Amino acid sequence: MAAACLLTLLGACSSAPNTPYYQPSPVVYYDFEADKHGDFNAYMRHTRQELSKHRVPLLPDQAQQEIDQVAPFVLPRPSHCGAATKGVLLVHGLLDSAYALKDIGRVLADQCALVYGLLLPGHGTRAADLIDIHRAQWLEAVQFGVRALSQQTPDVTLVGFSLGGALATQVAWQDPRVKRLVLLAPALQVAYPLLSSQAVWLRYLRDWVDLDPPYMSVRYQSMPTQAVAQTYQLSRQLRANLSQRPLEQPTFLLLAAQDLVIDAPTSLAVFSQNMPNPKSQAWVYGAMDKPSPDARVRQIRVADERQKIVSYSHVTLPFSPQNPLFGEKGQHKECGLHIGIVDAADAQACLVSTDNWKGEIGTNNKAQKPFQRLSYHPRFEDMMAAMSAFMAQ
């Protein structure tokens, strides 16, 4: 999710450029009908066909490579693994693509898990395909993934990031075939909820909350109002459901304390109050204003002057430091200019510097300049070791 949309929701917004990227696909291809897909392989083939028809590539001469990046996948497993005994379904966040959780998936596949990566409806093609999206389409896609994976193995884990975390939680709450959950910065409540709630009516007046030219092949940069509204309504309904009936499955919750996109304290409260399984655990990267009394919660210090790390950001958790796009030496440097809450001169200094401080944009970085958003997980291996141990329970 683009944090900018939450801060500019009621502000002035220029009209979208008259280009295909800002116009919905001519055919509504993303009405998710599970019956038309068959198994997961058929779903992948069908989705790739639709991507070929409807995707607006960032670089036309690399259109096929971009489809390979964003498309749903089944990750290869080592030849010694034999029949799969554990399955993992990866569910990405809003504006993202299947690429977002591939680093995590590769580690789990190397450990012999059968790993499926979803592409949520409306994603991977053009940002305008989220103008008319509904959360029911996202939920149906996740439900399909669970059904497809459970046909291969009875041990299914859902791994969800941001919006994907909320979707995974809702599906697990309804489907006992999900044996456990791993939630990375889940959208159990979005940041600035009062502001985000305005999107529920504002969507009828304008299509876009935030308009930015595309510059990443694996993630949208512009935010349709409907996407904010559907995410807000999903998180609200999910919290109501959990308050009526707690989540039974073991859950591994990972949060960045200074997250600009989701409300970390609320997520932690939902965990403590509505996810009571004694095998559940939560890791919080950074200091919360009020430490949790829940013994299952572990707080991890992240400030590191030697590495010039101030905090972890919303987009930190899924990506390895070796990720070619978002890693320590990745192609994309997030300097906050597109978010709209960073001074243009500061953003430009960040873009040209090779010695930036890193953390969540807009938090605790008044004196640390130049400053960029931390887009990878410095302790990715530690997180994956803990995740693997949790899944082995």
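Biologist: Buried means under 20% relative accessible area, exposed over 50%, and partly exposed in between (1.4 Å probe, protein chains only). With that settled, how many residues of strand 9 are buried?

Modeller: Four of the five, so to speak of cover, strand 9 (residues 281–285) is mostly covered. Strands here are DSSP E runs of at least two residues and helices are H or I runs of at least four, numbered from the N terminus. This is a predicted model, where local features need pLDDT of at least 70, side-chain atom pairs need 80 or more, and totals for chains, interfaces and linings use all residues. Numbering starts from 1 along each chain as its sequence is written, and side-chain values use heavy atoms, without hydrogens or water.

Biologist: Which way do strand 8 and strand 9 run, parallel or antiparallel?

Modeller: Parallel. Strand 8 (residues 251–256) is joined to strand 9 by five bridges; pairing takes at least two DSSP bridges. One place to look is A256, whose bridge partner in strand 9 is Y285.

Biologist: And what joins strand 9 to strand 10?

Modeller: Four bridges, and that pair also runs parallel. Strand 10 covers residues 297–300. There, Q299 stands opposite V284.

Biologist: New topic. Where does R219 sit?

Modeller: In the loop between strand 6 (208–210) and strand 7 (223–224).

Biologist: Which side chains does the R219 side chain make polar contacts with?

Modeller: D96, at 2.9 Å, and E334, at 3.1 Å. A polar contact is an N or O pair within 3.5 Å; within protein, one atom must be able to donate a hydrogen and the other to accept it, and sequence neighbours count only if both atoms are side-chain atoms.

Biologist: What else does R219 touch?

Modeller: Leaving out residues up to four places away in sequence, R219 touches L95, V315, F319 and F326, along with D96 and E334. Touching means heavy atoms within 4.5 Å.

Biologist: Zoom out. How many helices and strands does the protein chain have?

Modeller: Twelve helices and twelve strands. The C-alpha atoms fill a box of roughly 55 × 50 × 45 Å along the principal axes.

Biologist: What share of the chain is buried?

Modeller: 60% of the 393 residues.

Biologist: And how much of the contact set links residues 24 or more positions apart?

Modeller: 74% of the contacts with a separation of 6 or more.
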